[in-house]
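Please read this briefing alongside the sequence and the coordinates, which are shown just below.

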Amino acid sequence: MATTNPSDIPRTLSWQGETTGCLRMIDQTLLPMELREIDCDSVEQVWEAIRALRVRGAPAIGVAAAYGVVLGVRSAASGTRDEFDAALDKTATYLASSRPTAVNLFWALDRMRQFAGGHPEASPSELTALLLDEARRIDDEDRAMCAAIGRVGAELLSDGDAVLTHCNAGGLATAGDGTALSVFFAAAAAGKKIEVYVDETRPLLQGARLTQWELMQRNIPATLICDSMAGWVMKQGRVQAVVTGADRIAANGDAANKIGTYSVATLAKAHGIPFYVAAPTSTFDLALADGSQIPIEERAAEEITHGFGRQTAPDNARVFNPAFDVTDASLIEAIFTERGVIRPVTTENVRKMVGSSAADN
């Protein structure tokens with residue numbers, strides 16, 4: 001591990017320089033054993049980084065996509081406005097194909113498109129600079145959003161609580177302190193003693209590799225468990241709440257998150273433990289009535305049969321590998337947003353809190 005000093009950890013992603021610069025990000029596929037930054041100089045590199053999970057987490061993907069737009073259009077900055085607009089459309093369409101579930105990806109791309117459309121008189125070179133400014137605003141807003149979600153959620157945790165989380169919804173998944181993990185960081189900053197149980201999160205172990213690493217960097221007491229241990233941990237009374245992130249939330253509050261989240265929510269319900277979701281308003285997709293309409297990404301069989309390069313299943317084994325599942329709103333005690341708490345989780349309360357700011361694709 002390259003560092004154990006939290007102040008030495010670079011930002012998950014950041015833009016370097018001006019319009020001729022690059023997008024720098026932590027390569028999360030190397031954690032926790034190596035902390036390495038990579039520079040993306042082209043939209044193709046950003047697409048690959050999103051697809052390969054070098055950058056991951058719905059908010060971080062959205063920020064990366066916004067900067068990716070700048071990389072994709074700057075070669076057209078010296079051409080005509082029609083050529084520039086065509087390059088923008090091609091870039092956004094290309095980036096949208098990287099991953100299908102995280103709605104922040106599409107939200108950020110739509111915002112960049114709409115921003116460009118709102119400046120019809122700008123020259124291509126002027127608009128390239130303006131688009132970089134807009135991407136930076138999305139970045140800044142994401143960091144502020146993380147802090148606000150943390151403050152909102154921390155109020156519902158008590159001193160001495162132990163909380164279970166699944167996958168990684170920390171700083172590595174956002175431009176700031178995260179969504180679910182920001183709740184823990186804010187609670188600790190408020191003087192509350194919080195302990196976290198971390199699901200390993202099969203098959204790519206984002207909990208073990210990323211969440212456990214982040215919590216240890218921030219000196220938050222954390223215990224790593226196998227996914228299949230969550231129910232037993234609950235039965236033993238070891239946790240008082242569950243907090244996860246989300247990649248897309250439908251209008252009725254059904255929430256898509258990393259595969260295994262639905263199981264955790266069902267177990268929490270069975271044991272009378274509140275299950276909370278922490279997500280920004282940009283993660284809501286009000287165009288979808290419920291979770292059955294959320295597209296679920298299916299990933300390569302090798303992630304299960306040859307995890308981290310070692311074969312653990314017979315040749316030609318048939319595999320089902322959805323990357324996400326959907327937790328019914330009825331299982332969610334509350335949703336923490338940067339604007340406040342949605343509780344109970346109903347279509348009416350979602351629309352009251354989220355309004356027109358949510359993705360409406």
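This is a predicted model: local features need pLDDT of at least 70, side-chain atom pairs count only at pLDDT 80 or more; totals for chains, interfaces and linings use all residues.

Residues are numbered from 1 along each chain as its sequence is written, and side-chain values use heavy atoms, with hydrogens and water left out.

**Strands around β5**
- β5 (residues 195–199) runs parallel to β6 (residues 222–225), and four bridges join the two strands.
- From β5 the chain passes through helix α7 (residues 206–217) to β6 in a right-handed β-α-β crossover, meaning that, with the strands pointing away from the viewer, the path from the first strand over the helix to the second runs clockwise.
- β4 (residues 162–165) is also parallel to β5 and is joined to β5 by four bridges, with L164 having Y197 as its bridge partner in β5.
- Together with helix α6 (residues 180–189), β4 and β5 make a right-handed β-α-β unit.
- Four of the five residues of β5 are buried, where buried means under 20% relative accessible area, exposed over 50% and partly exposed in between, with a 1.4 Å probe and protein chains only.

**Nonpolar cores**
- The largest nonpolar core has 42 residues, and those with the most contacts inside it are L13, L23, M112 and L131; such a core is a set of buried Ala, Val, Leu, Ile, Met, Phe, Trp, Tyr and Cys residues joined through side-chain atoms within 4.5 Å.
- Helix α2 gives the most to this core, with twelve residues.
- Leaving aside residues up to four places away in sequence, M112 touches A66, V69, V70, L131, E134, A135 and I138, a contact being heavy atoms within 4.5 Å.
- A second, separate core of 31 residues includes A162, L164, I332 and V345.

**Helix α11**
- In α11 (residues 347–354) the buried residues are V350, M353 and V354.
- These residues lie on the same side of α11 because they cover an arc of only 85° around the axis, taken from the directions from the helix axis to the C-beta atoms.
- The face turned away from this buried side carries the exposed residues E348 and K352.
- Among the elements covering the buried residues of α11 are β11 (284–285), β13 (334–337) and β14 (340–342).
- G355 follows α11 and has a positive phi, near 60°.

Notes:
Two strands pair if DSSP finds at least two bridges between them.
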